[in-house]
Each structure stands twice: as structure tokens, then as C-alpha cells.
Amino acid sequence: MREISKHPVLSFERGKRIKFLFEGSPVTAYQGETVAMALYRNGIDVFSESPKLHRPRGMFCAIGKCSSCMMRVNGVPNVRTCILPVREGMTVERQKGLGEKPSKAVKYPPPVIREEKVAIVGSGPAGLSAAITLAENGVAPLIIEQNPRLGGQLIKQTHKFFGSERENAGKRGIDIASEMIESVKKAGVEFYLNSTAFGFYEGKTLGVFAENKLLKIRSKYFIFATGAAEKMIPFEGNDLPGVFGAGAAQTMMNVYGIKPGENVLMVGAGNVGLIVSYQMLQAGINVKAVIEAAPKIGGYFVHAAKIRRFGVPIYTSTTIKKAIGERRVEKAVIVSLNKKFEEIPGTEKALDVDTICLATGLIPSVSLLAQSGVRMKYVSALGGYVPLRNKYLRTSLPNVYVAGDITGIEEASTAILEGEIAAYSILSDMGKDVEKELSDAISELSELRSGPFGAKIVFGMKEVQYE
Amino acid sequence: MKSKDVVIIGAGITGLSVAYYLSRNGVRNIAVIDKSFPGSGSTGRCGTGIRQQFTTREHIVLMRESVKLWREWETSLPLSVHFRQGGYLWLLETEKEVSNFEKYVKLQNLFGVESRIIDKYEAKQIVPDLDIESIAGASWCPTDGNAYPFDTVEALKLALKNYGTEINAFEEVVGIETRGGAVKSVITNKETYSTNLVIDAAGFGARKIAKMAGIDLPLKLYRHQIAVSEPVKVFLEPMIVKGELYFTQTYRGRIIGGTDLNEPETESLQSTERFLEKYATELLSVMPVLSSLNVMRQWAGFYVVSPDHHPILGGTPVSGFLVATGFSGHGFMLGPVIGKLMAMYVLHGIMYLPEANNLGLDRFKKGKLIEEKAVIG
């Protein structure tokens, strides 16, 4: 139904067919996909009802960062179905309002304690590059990943990267991801998938719920590379199924081969909005318009030019006013803005779309660090609360390092370099002779940020870096 | 320099409640000062419980009155505090414990609290999800309950706003001036308040504030931790207590509770793994069906503990410097009655409940301590 059959860049290997029960009826899924994806592919948009007003709710982030896709699975309430792999025969039910209490006591095995040298939370470009750097220097880290695959958001970046050769210019994100994943596997780095780190205690112990068991990871060093989450913006009907984060749409298309919709409104003309719009066109989806509240397009000109060539209009000084629909988006109303970002009455326009994608920014995923007592600061230029750290990416807790979007919203190339820096800092702290590699990585990062798009980041960094 | 009739230090439930009863009785030229936001201390960190099942006359009577006031707050404050009388079900493991609690229940009944000892099957009827295998019986008081701390703070804030009483948040007291053994002014990092009357309701900062006036309060700070689960539809209204464990469900659906680690005094408010493990183990032994619920958050707060686990209320050797502190883990539940007691004391010079006369600071000098056996979590 919603399967992408032909794609210019990707080919989809679908696993064997299995069946599970949704609201008592069998649903066919592919082995290896998540419950939410299987449901969506089968045309199911509504996953739950909101707690108070019982409004229909669907998936939003598709990577386990929000609570929009929570359902009851095998009698357990509040399961994030977007990151839960399907299993033969499982029962999945909608939550009508808050979930009912669990139907029975689940027995878990006793906790597993692991003593590690370095533990890495998150396996996106930052986490993987840190792991590779450590492994290359004889230190085997342990990786914790809450999604069913390694690679973070890199596994859905089908576009080619810019920059110099060192930063993988000209390569597609998906290819960089598979190379990195292969290196990690080749080096024998151990990793846990489908495993959520839920607490970080006294700078020493990480609590992880790894599928069905509790892991207590006691490690000398930690690297937090937990990435970021997509922002929701306020407008009427923003909770309707069919309103997705742009990154979620990308996950659906490029990881699972599923069309988020047929006719799409993209909100936000930064790089994410432009690139995802282009990828939607590649997947055979009709992008009705891209709108941008600012008077100018935020992303690179080349990306904008690509989608314009397809005849997709980009309306600047325009925002979304409301989403209309019964069980999912059926229409979107957009409106022009004046110079003060106020709506201009009479400029409303309705678009026939079934999907609205929000590419309106990201928030660093800092909750684990904040809970553990790492000193944080709100820096708007970096996307929200971020940890204070020095140029070696060490936080206010000794032996706790950060890398990637958790330090402030940037891109995969900087995340890869930050992963290296964190790893080299730890190696150096361990007494290994990596001073040159460390300082090279640091200067390379500042070079990468020296362009006009890095100015904001550099400005923001001044707020959070200490000596 | 501002001139104030009363300066209240601390905008937790105690300070706000005192300000509320003073305002209600016509005293409006008040400043409530807090170094952070209202409810940022022990109030916002508390376990929400409100009980009358205590073991001393002072606690029982004060809490009986407080429950009455909680019920009144629910209707008279401009916002709901979500006071719910779901009862406290105190699970007892041994026959000896049961016979001890029989004595407490007698005392509670004597002072008008309708608690009673029940057998484990009745306990199971009240809370069907209980595992009663290791239970000998329970002490049950259906009029105990809980309220929501943040809603309570918001309700009191709005009530004070309607009276025109000012709350000065993010303002830190740095000194208290006395002359001739009497309070003259309160100095903060932003303002100097000239006043003859200061009420120290600063919770875990109360000792430090009192020191500024030259008074040594015999208080110790103990870290206590709490965890909440993700929300599920409300199915549990009573507060369950067993040994050091306590838990209930908030009206928003989260299972909230804690346990005691018997830690030494500390200044740290970090959450620990040891707490979560002990809490989860004890919780699941009482209610195994919760095993697959996720923990959403855990945090720590301070019990501000007096030598006999009872509040320290009223005057001090410095004229015009009053204290309302030392609640030893019961500050939230006592909030309404303490506010009324202190306001009446300010206005009329007497404690309107005679039991409160036993809770003065001078009792420690006189050696008239009152021992409370029922301190949990």
C-alpha cells in the first residue's frame, strides 16, 4: 500500500513475512521492521487516543525520542512502537487515553553488571567514530543504542556530503554509515541494540534496559552521543496523525521503504526541509509546497535549486496556521507573515495534503546528562540546553565526555570529528600518545566551522566552553 | 529600603500557607522571599502523602486539623490542589507490629482519627493488586490521602496574588539585622526590608537563616529520594506503606514513591542507583504487577529533621524572629495547619491548638522531647 517500489538510490531488502495481532486482527509485517512501521505500511495511522480529549494520535519522531507512538504490546502499556522490532504473534493494542496498568507481572532475569573501560551511549556518527577511534588504538568500548540498528540518523541520509575529502565529501550518508558500521563490527566492538539508557548515576554507573534485562554498566569513561530530537511547533491540529518530523519521514522512506503520504507540505526550508523534500520527490511523493517563516531560505542554495527544478514552490515569509482532518491530515492551511512574523489576515490558503512534515529545528537530547548532575546551560544558538565542556569535550563530571548533536545542533561531519576528539581525549587521559591526533582533530573541527554556516555555532560555543 | 509588617523567608508550602492565612485575616503588607522559585525546595520534591496515622498526640491532632484544612483548600483556593482522600494502607509484616499499631490506632481514635486495624484479606479488597503473602495485617485510615505539590503551590500563589501579597522569587536573604534582641530588618541580595517580624520557613535553609539572627536550630539534613513511573490510568488511590517503602499514584497517573537508605547527613541532592534498586525491589514485592512500568524520573530532597522528629514552631530568643521548620519529612502534609497556627500566633500571640505549645524551640533546652515512631521513607 504505502510501500516504495522503485527508488533511484536505494533498494529495499525486505525480511520474511510474519504476522502479529493489532486490535485482535492479524497484520502482516516484514521481519526486521518495527511495529509502528508495520502498522503504518498497512495503512494504520491512529496508534492511540490522547489522554484527555481522546484525539487521534499517530507516530511523530520514529526514532524513540517522543511518546507519540506508544501502544500496549503483550499487555505492557506505553511501549514505544517506533523502535520495537516486530515478533511473530505479538499482540498490539491502541491506548485509549492513558494506558491501562500492566495486565500481569513480567519476570525479568537478574541484572547484569558490566565493568568497562569506555561506554558509549548512542551509535550515530559521533558514537561510531568515537568507537572506531578507540578500537583502532587498542581500547574496546561498549556501545548502547536504543534503536534496532547502529548508525543513528546517518542510515537515512541518501544525499551526498559536502566539504573536503577528509570529511567524506561526495559520499552519501548511507554509505558513510555502512563503512563505519562495518569498521566497528570488524574491530569486534560490542554493542547492545534496542537498549535504552534510563539513568546515569554519580558519574559511574549507567542503567540500561536492554530488551528484557537490566544492565548496570560501570565504566571508567563515558561518551554521551545521544543526538537530538525534532521540535514540534504550535498550530491547530498539530497532533493529527500525518504530522511528522521531517526526520521521521526520512526514516520511513529511506530506512523502511515506506511512503509517509502522497501529498506533502514541508514546513521549514533549512537544509533538513530542503533535503527531505528532495528525497520525497525521489520516492515518488508529491511535495505540494515548502514553506519558511523567515524571509529567506535557510539551507544551501543547491538543495533549494534541486527541488525548484521539480516545480515545487518555496514560499518564504509563510507559516502553517492549521492542520485539518478527522483521523489524519486532510488539508493544511498556510498563511503569509509580515516582517514582524505576524500573520497577514486574508492570505490564508488551503492545500490538499495528507502529510505535514516539520523541519523546524532540533533539540539536543540531554536528559541523561541533566539528570546525572552535569552542568548545563541554555544556548539558543546551539538548540537549547547543552552541557558545559572544554575543548576536549569533557563535561563538568570527570571522565564524562560528549560528542555530536548533544553538544549543540550541527551535522554529521562535525559529529564524526567530535567523536574522534572525545575518543582521543580519553586515550590521552589513559596515557596513550595521541596528542598530535587530538590537536589535529580539534583544528580540523574549527576549520570545518569557519564557513558562514558555522558562525552561529562558533558564537554559541563561546557560551559553553570552559578551560 | 522597604517597610514590611511581616517578612516570610521561604516560598514552599509552609511560607505560602502562613502568608495565605495572614492575608486572609487582613495582613497584606507581607513579603514572601525565596532564593529560587516557589516550591523549589522540599515541597516540590515531596512524596505527596497526607496522613493522620502518627504515634504522638501532637502529630495526630495537628494532622487531623490539617486534613480538615486540606479539604477546605480543595474548595476555597482558586485552583484545585487535587486533594484526594484515598486512605493510607499501612502493611504490617508481623503480629508484633500489628499489636504495636493497635496501640497507635487507639491513640489516633482517641483524638478523632478514624483509623483501624484490618486483616490482610480486607487489605486485598481495598487494593486488589497487593501481594499479601508476607502480610500479617494492616493499619487503615480512609481519611488520609494525598495532594499534588505543584498544583498546591500554584493555588496558593494565585490566592496570594488575589490578595495583593507579594512573592519575591529568586531573591536570597544574606543577613538579618537585630537590635536589642529584636529583629530590625532583613537584607537580601536585592533589597533591605525593615520589619519587626520575620518568619523562618526556609526548609532546608532554615538553619542557615536562623544563624543570621544568632539562633542555633538543632536541625539535620537527610537526603531522601523519590521516583515516579510513566503514567497509566488511575487504579490506585490509597498510599501504601510497608516498612520503609511508601507509594501511591498521582491523579495524573504516575506511581510515586520512595524508601529510606538510612544514609548519614549529606548536602548532596544527587539521585542514586542504590535507591532505585531498593525502591524497585520493595515496590515489586508488594505490587508485582508494576514490574513492566518504566521509571520516568527520580530525584532527591531533604528531610529537615529535628531531634524528636517534630516541628519547631513559634518564638525564639530573638524577639520578632519566629520559626516554622523541622518537619522531619512531614512539611507538605502539615502545610495548611502550620500556616494557620503561625498566622494566628502572629495575630493573637497564642497557638490555637494547645498541642502546638509543646513544639516550641525551648523544648530542647528543657529536655521535653516528644518521640515519634512513625517516620517513613
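Which residue in β23(A) does Leu265(A) stand opposite?

Modeller: Leu265(A) faces Ile356(A) in β23(A). Before going further, please note that this is a predicted model, where local features need pLDDT of at least 70 and side-chain atom pairs count only at pLDDT 80 or more, while totals for chains, interfaces and linings use all residues. Residues are numbered from 1 along each chain as its sequence is written, and chains are lettered from A and ligands numbered from 1 in the order in which they are written.

Around that pair, β17 (residues 263-267) and β23 (residues 355-358) of chain A run in the parallel sense, joined over four bridges. Strands count as paired if DSSP finds at least two bridges between them. The strands themselves are DSSP runs of E with at least two residues, and helices are runs of H or I with at least four, numbered from the N terminus.

Both strands belong to an open sheet of five strands with parallel pairing, in the order β16-β23-β17-β18-β19 (chain A). At the edges are β16 (243-245) and β19 (314-315) of chain A, each with a single partner strand, so one side of each has no neighbour in the sheet. Helix α5 (residues 271-282) of chain A packs on this sheet, where it touches β17, β18 (286-291) and β23 of chain A. Contact here means that C-beta atoms, placed from the backbone, lie within 7 Å. The direction of α5 makes about 170° with that of β18(A); axes are lines fitted to C-alpha atoms, for helices over the stretch in contact, and angles run from 0 to 180 degrees between N-to-C directions.

Now for the wider setting. Chain A is divided into domain 1 (17-96), domain 2 (112-229 + 363-464) and domain 3 (243-362), with bounds from an automatic or database domain assignment. The centres of domains 2 and 3 of chain A, taken over C-alpha atoms, are 30 Å apart. Where these two domains of chain A meet, 11 residues of domain 2 are in contact with nine residues of domain 3.

Overall, chain A comes to 10 helices and 27 strands. Along its principal axes, the C-alpha trace of chain A spans about 65 × 55 × 40 Å. Of its 467 residues, 48% count as buried, that is, with 20 or more other C-beta atoms, placed from the backbone, within 10 Å of their own.

Note on methods
A residue is buried if 20 or more other C-beta atoms lie within 10 Å of its own, exposed if 12 or fewer, and partly exposed in between; C-beta atoms are placed from the backbone.
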